[in-house]
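Hi everyone, thanks for coming. Today I'd like to walk you through some charged pairs, so let me put the structure up on the screen.

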Amino acid sequence: MFTTSFEQNLAAAIEIARSAPSSHNCQPWAVHYSPLSRTGYLAIDRRRALKGLPSLENEMLMSCGIFFQHIEALMRNAGTPLQWVWFDTSHATSPLPGDQDGLICFSPGDLQPTNSEAYSALAEQIRQRHTNRMPYESTQLSALQQYRLQEIFTDSPAHLDIWQDQVSRKQVADLVYQYAALDFADKQAWQETYSFIHFDKDKPVEDGFYLHHLFGKIPAYAEWLFRIGFHPKLNRFTRLLRLPQVMAREFSKLTRQGPQYLALSLAEPSQRNLFLTGMTLARLWLLLQQWGWGIHPLSVLVQHDLPKATLANTLGMTHLPIFFARFGQIKIASDVSPRRHLNSILTID
């Protein structure tokens, strides 16, 4: 039961912020608040965090940063801003559960005037933002739009690069074709990925994704073939048939359409910088959403060491990318992915 407007606003903000993106839609966040001590924390929920590849830790941290950026902005517009610091055991009123790793501690800040109009607009943007893997329009960013995106990163530890040319499209598509099969070839990583795919559309779920989130509407027989052909227990058989290469070729064709790509890189990819990068990425994603543009992360190019280094070298990046995506003006709307219930994210003493 909520006893203060702060708690009510926090719950309302999390209800909206749970639409934040995460790899495989795993939603690896946990929030706790104690009205008695007036302190709370955001942590990575290790029961939900991906661990098939070491590099996935970077994505978990950025996802938590996106999630918290939404909460922080919503609470500010609600007139109950947050004060927050990096997590330290001295800030926690009680030990964290063994399956949680603290990231930040927060407490209520001084009350401010509410901005209902800004709150409603932001809430709608967050709800309408979906990872869009469909083909995009060929529209390119204007110079002013590029400036506004770069402006977001003024005080961020991350660096933003954008490519719009035809040569880059071919280079990225070739790299996707060359390396996309790595996800299928790594048995542990693919087993984890496969566990997040749902094939029964009538069964209620709160995380993961359906095949139509990846490929759009496909015939029932194609879905059945994917379900059987790519089952982890048939991994060896799948590779013998070169099915991963077939998937890589189709993925490469979509990637080549671009029309544009963006990368985020860090000189020092520390836990703190990755979290802050996630917060900045949230703002970039919502600004693109406001313009009617979508983002499709090409995670396979940043989750493995070789393609990540090759990508950076091919595109002339100063530092290794921690996030890479194709983006463009939305042509086909994407479907809503399942989401965790508020009660499984927020606990209040």
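One term before we start: a residue is called buried when its relative accessible area is under 20%, exposed when that value is over 50%, and partly exposed in between. Please also keep in mind that this is a predicted model.

With that in hand, look at Asp-207 and Arg-48, which are both buried. These two form a salt bridge, and their closest N and O atoms are 3.0 Å apart. Where do Asp-207 and Arg-48 lie? Asp-207 is in the loop between strand 6 (197-198) and strand 7 (209-210), while Arg-48 sits in the loop between strand 2 (39-45) and helix 2 (56-77), so this pair ties together parts that are 159 residues apart in sequence.

Within it, the side chains of Arg-47 and Asp-45 meet at 2.9 Å, N to O. Is Asp-45 buried or exposed? Asp-45 has a relative accessible area of 1%, so it is buried. Arg-47, on the other hand, counts as exposed, at 59% relative accessibility.

Glu-15 and Arg-18 meet through their side chains in a salt bridge, with 2.7 Å from N to O. Here Glu-15 is partly exposed, with a relative accessible area of 34%, and Arg-18 is buried at 17%.

And how many salt bridges does the structure hold? There are 13, and the pairs I showed you are among them.

Notes
Residues are numbered from 1 along each chain as its sequence is written. This is a predicted model: local features need pLDDT of at least 70, side-chain atom pairs count only at pLDDT 80 or more; totals for chains, interfaces and linings use all residues. Side-chain values use heavy atoms; hydrogens and water are left out. A salt bridge is a side-chain nitrogen of Lys or Arg within 4 Å of a carboxyl oxygen of Asp or Glu. Buried means under 20% relative accessible area, exposed over 50%, partly exposed in between (1.4 Å probe, protein chains only). Helices (H or I, at least four residues) and strands (E, at least two) are DSSP runs, numbered from the N terminus.
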